[in-house]
Amino acid sequence: MNLYPKLILDALQNVRYPGTGKNMVEMGMIEDDMRIERNKVSFSVVFEKPNDPFIKSVVKAAETAILTYVSPDIEIKGNITAKAKQAPRPEPEKLLPQVKNIIAIASGKGGVGKSTVSANLAVALAQLGYKVGLLDADIYGPSMPKMFGEEEAHPQMEAVNGRELIVPVEKYGVKLLSIGFFVNKEDALVWRGTMAGNALKQLIADAHWGELDYFLLDLPPGTSDIHLTLVQTLAVTGVIVVTTPQEVALADARKGINMFTGEKVNVPVLGLVENMAWFTPAELPENKYYLFGKDGGKKLAEELKVPLLGEIPIVQSICEGGDAGKPVALNESNASGLAFQQLARKVVAQVDYRNKNREASRRVVVK
Ligand code: ADP
């Protein structure tokens, strides 16, 4: 018999994707790579996710449909390839065109000091003379208003080129927005993923961030849809993962890093920050007590081949600074302030290195 693609596609219209009421042709699941050689037919089927639960049953149903509606003599078994849709990376120029580098700050679990590191890194970068923005995307526990002493702030709206935009609060040289400025904690807690994601998109796209050298995103702890939405809608330069040296925190940090570097998300990890690396009493500044174990972050960084960007000790002033709305990074003269200054310098160096490498690989492609 004379086989041609339309015959096969017509047969495939009898295969519905479960739960949608639509057939696989309508859904655009059939790739444009169909090959027909005598009675042998092969092509690919695209699924949204690599772990789609219906891959096997849909492929089987497609084979049966072809054998039933076209001919039982067609060689089709084993010739259908299941593929996962690649998430398209947006062009960096699309959103936030005046922002040079977007850095997401993540942690595997809560309470490891991710927000403390974000606030102090933002302040330290501003102290170095960079233009810095900070978005508190920790929608379930926004802590930036408190850490910046701006709990009573109510950001205003401003007309920019005919659009009404939210004006970030400016403090310590950092432009700051947090969901905490707009809703109280209890309301944010019950938000579903999509609502939270949309609110954050608004704080990114409908705010007057202007020109920035570094735009920091303090992500919620763990890994969720919000992480995926954010890193996929924004062209994130890289992610910084914060951990403590405790085994449980390290295990979760490892999971987080693997998610970011995995095929589906695929954003570079700039490095790891080991927070609460040791305890130093104010009266004995030379002494170090390793309460949560020694070098846990360093070993994890070596294992996963990511840079260790900083080791921040447990110091009372770091905690007090957070509570009082005055991040310690404002004060370079003490050891903890200095630790954040050093972290900021390492982050700058790491970002520069990444950008240079990207430029170099672009030039190679152009040749
Ligand atoms: P996360 O954002 O990971 O949930 P936070 O930044 O809110 O964690 O920190 C949790 C608590 O630990 C806060 O009270 C904070 O002040 C304190 N903290 C964080 N890092 C340090 C540190 N290096 N030294 C002392 N206290 C710290």
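**Exercises on the ligand shell and the cavity**

The shell around the ligand comprises nine nonpolar, six polar and one charged residue, where Asp, Glu, Lys and Arg count as charged, Ala, Val, Leu, Ile, Met, Phe, Trp, Tyr, Cys and Pro as nonpolar, and the others, Gly among them, as polar. The model is predicted, so that local features need pLDDT of at least 70 and side-chain atom pairs pLDDT 80 or more, while totals for chains, interfaces and linings use all residues. Residues are numbered from 1 along each chain as its sequence is written, and side-chain values use heavy atoms, without hydrogens and water.

**Exercise 1.** Determine which residues are closest to the ligand and which elements supply its shell.

*Solution.* Step 1: 16 residues surround the ligand, each with a heavy atom within 4 Å of it. Step 2: the closest are Gly111, Lys114, Ser115, Thr116 and Pro313. Step 3: at least two shell residues come from each of α3, β12 (269-279), β13 (308-314) and α10.

**Exercise 2.** Describe the polar contacts (N or O atom pairs within 3.5 Å) that ligand oxygen atoms make with Lys114, Ser115 and Thr116.

*Solution.* Step 1: for Lys114, a polar backbone atom lies 2.8 Å from a ligand oxygen. Step 2: a side-chain N or O atom of Ser115 is 2.7 Å from a ligand oxygen. Step 3: for Thr116, the corresponding side-chain distance is 2.5 Å. Step 4: the protein buries 79% of the 560 Å² that the ligand exposes when taken alone, by the Shrake-Rupley method with a 1.4 Å probe.

**Exercise 3.** Characterise the lining of the largest cavity.

*Solution.* Step 1: Thr116, Ala119, Asn120, Met147, Ile318, Gly321, Gly322 and Pro327 line this cavity. Step 2: α3 (114-127) and α10 (316-324) each contribute at least two of the lining residues. Step 3: by class, the lining has four nonpolar, four polar and no charged residues.

Technical notes
On a 1 Å grid over the protein atoms alone, a cavity is a set of points where a 1.4 Å probe fits but cannot get out, and a pocket is an open set with protein on both sides within 12 Å along at least five of seven lines; lining residues have an atom within 4 Å of a point. Helices (H or I, at least four residues) and strands (E, at least two) are DSSP runs, numbered from the N terminus. A polar contact is a pair of N or O atoms within 3.5 Å; within protein, one must be able to donate a hydrogen and the other to accept it, and residues adjacent in sequence count only if both atoms are side-chain atoms.
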